[in-house]
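Please examine the sequence and the structure shown below. The paragraphs that follow lead through a helix and then through a sheet.

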Amino acid sequence: MPIAPEYLHLVFPDTVFHALLYGRASRDPKKKGSSVADQIASGTELCEEHNWPIAAVFDQDVDRSASRHARRKRRDFEALLDTIGTGRGKIVVAWEASRYYRDIEAYVRLRNACMEAGVLLCYNGQVYDLSKREDRKLTAQHAVDAEDEADGIRDRNLRTTRGTAKKGTPHGRILYGYARRYDPETGDLIEQYKHPTRAPLVHEAFQRIAAGETEYSIIQDFRTRGERLPGIDWQYYHLRTMLRNPGYAGHRVFQGEILREGTWPAIVPQELFDQVQQIVKDPARLTTKDWSVKYLLSGIARCGACEHGPHLRVVKTRGVRAYQCSEGYHTMMRVAMLEGYVEQALLDWLQLRAVDAFRTDDQQAEAAKARTRLAGLKQQLAEAQEKAAAFDENGRPRLSVDSLTMLESRLMPLIEAAEAESRVVQVSPLIQGLIGADDVEERWEALTIEQRRSVVRQCVSVRLNRARARGVRTIEPGRITLAFAGEPGFRVGLRRARGSVPGRGASRGSE
Ligand SMILES: [Zn+2]
C-alpha cells in the first residue's frame, strides 16, 4: 500500500528523507500551467511540509521535439538514475506519474534503480516503497496508463483537480445546496456560498436522518415539496450521495480522502455529519428495503415473551392478518387491533405529552459534557499512539506496543460510551408538525405509511406480550407495553437488516 507523505515518519521513524526533486515538461503542447518551474515549486513545498531536505533538483528536462533536446532530456533522466545510485537521496519526488513514466522502459529502469538503492518514490501525493510487491504492481500499472496517450489527458485532469484540492477551493460540479459567484471580468471563481433555499433542505435531510427518519420517507416528503432542480425530481440516490458527502461539512475531498478544510461554509455541522455517517454506514441499514413494508409495526414492534425481543411480523392465518413473533408462536394479535391501540396511544401522547419528552435542555447539557470527555479520551489515545511511533535515543519506542494495546483496550470502550452519550436527541420536522397539534389525527392521516413508521420509531417502543388465554378477543391489561421517548425502556428503533431477523428465511410469504 502506498503511504501518505504525512505518515512516512511513522513508518520510518528514524530516517531523514533527503529528496531528489524531478520536474519535466509534457509532450502535450496544449497543456497549460504546471510548467517545470511550477512542478519544482510544488515539490519543494511538499518537501518542506514533511521535513525532507532537498538533496538535488532535476529540472532541466524541458521537452522539445528536436533531437538535440531529446538527448538533453535523456541526460537528465539518466542523471536522476545515477544520483539514485549514489545514495544521496532517500526519496524521489515528482508531481505525477507521467513525469517519470514516459514509457515502460523508463519505468522499469527507475524502479530497478530505486529498489537497489532502497529509495522511495513519491508522486500524485502518495509514497511508494518499491521493495514491496504491491507497490511495484501499482506503479507498474501507472506506467502502463501513462504510456497510453488518452490517459495523458486523464492525468492532466487529475492534476488540476489535485491542484485545486490542495488549495481547498471547490472544483467540478457544484454541490447541491451551494451556489457560486464568479468574477464577471475574468470568469474566476470568487466564492462558493450557501444557496438560500437549497442549503436549508440539505441541513434538514441530515437532521431528519439523525432523528431516526428513513431516507425513503424524506424523499417522499421532498417530492411533495417540489423539484430538486428545475426539471429534475428528487431521486433516492440524490439523498443517498448527499448524506455521505463530506463537502457538506466543509471538507475538500479528493479520491475519497479528506484533504483539508474547504474554502466554503459548511451546511452541516461536523457533529451532525458524523452522527449521520454512523447511521447511514450501518451495514444492517443498507440491506433493508423498508419501503416495501405495508404495515405500521412490522419489524418495529417486538415480542414481549422472548427476552431478546425479536421483531413482530405480519402473517395471514385463516384469512386474517396478524402480528406474530418472528421467532415463534409466542405472541399474536390481529393487525387492526394492535395498530389501533398503538395509534390511539401515540396520537394522545403526541398531542398532550410529547412537548415535555422532547424538551432537551438537560440532554443537551449532558451531551455537551460527554463531548468534552470524548475529546479528552481521543486526545489521550492519540498521544499514546504518537508515543508508540516515536523512539528514544536507544532506538526503543517511547511506549511499547504491549502498553499501547492495553491502553487502547481500556480507552476504546470509554470512547464508544462517550460517543453514544454525546448524540443529542433531535426532533425531526416530521414529529415537530405533530407535537401538540389540535388536528393531530388529520395530520397523521395525511402521512404516508413510511412516514408513520418513522414517527413510531422515534416516539414509542412497542412490545406485545403473551396472552393469558388463547383466543382472547379484547386487549387485556398488560398485553401491550408501550414506552414513549424519554421513558425507561424506550429505544429509538433503527432499522435492521431483514437477514438479521432469525427465522426469517423459514417464513416465506410473511410481511
Ligand atoms: Zn417471541
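A residue is called buried if 20 or more other C-beta atoms lie within 10 Å of its own, exposed if 12 or fewer, and partly exposed in between, with C-beta atoms placed from the backbone. Helices (H or I, at least four residues) and strands (E, at least two) are DSSP runs, numbered from the N terminus. The model is predicted: local features need pLDDT of at least 70, side-chain atom pairs count only at pLDDT 80 or more, and totals for chains, interfaces and linings use all residues. Residue numbers start from 1 along each chain as its sequence is written.

In helix α8, the buried residues are Val202, Ala205, Phe206, Arg208, Ile209 and Ala210. These pack against α9 (215-225), α10 (236-243), α11 (270-280) and α17 (429-432); contact requires C-beta atoms, placed from the backbone, within 7 Å. The expected span of a helix is 1.5 Å times one less than its number of residues. Because α8 has 13 residues (198-210), it should span 18 Å, and the 19 Å between its end C-alpha atoms agrees with this. After α8 comes Gly212, with a positive phi near 100°.

Elsewhere, three strands form an open sheet in the order β11-β12-β13, with antiparallel pairing; pairing requires at least two DSSP bridges between two strands. β11 (312-317) and β13 (332-334) are the edge strands, each pairing on one side only. Six bridges join β11 to β12 (residues 320-325) in the antiparallel sense, and Thr317 stands opposite Val320 in β12. Helix α13 (residues 335-352) packs on the sheet, where it touches β11, β12 and β13, and its direction makes about 85° with that of β13. Such angles run from 0 to 180 degrees between N-to-C directions, with axes fitted as lines to C-alpha atoms, for helices over the stretch in contact.

Methods:
Two residues are in contact if their C-beta atoms, placed from the backbone, lie within 7 Å.
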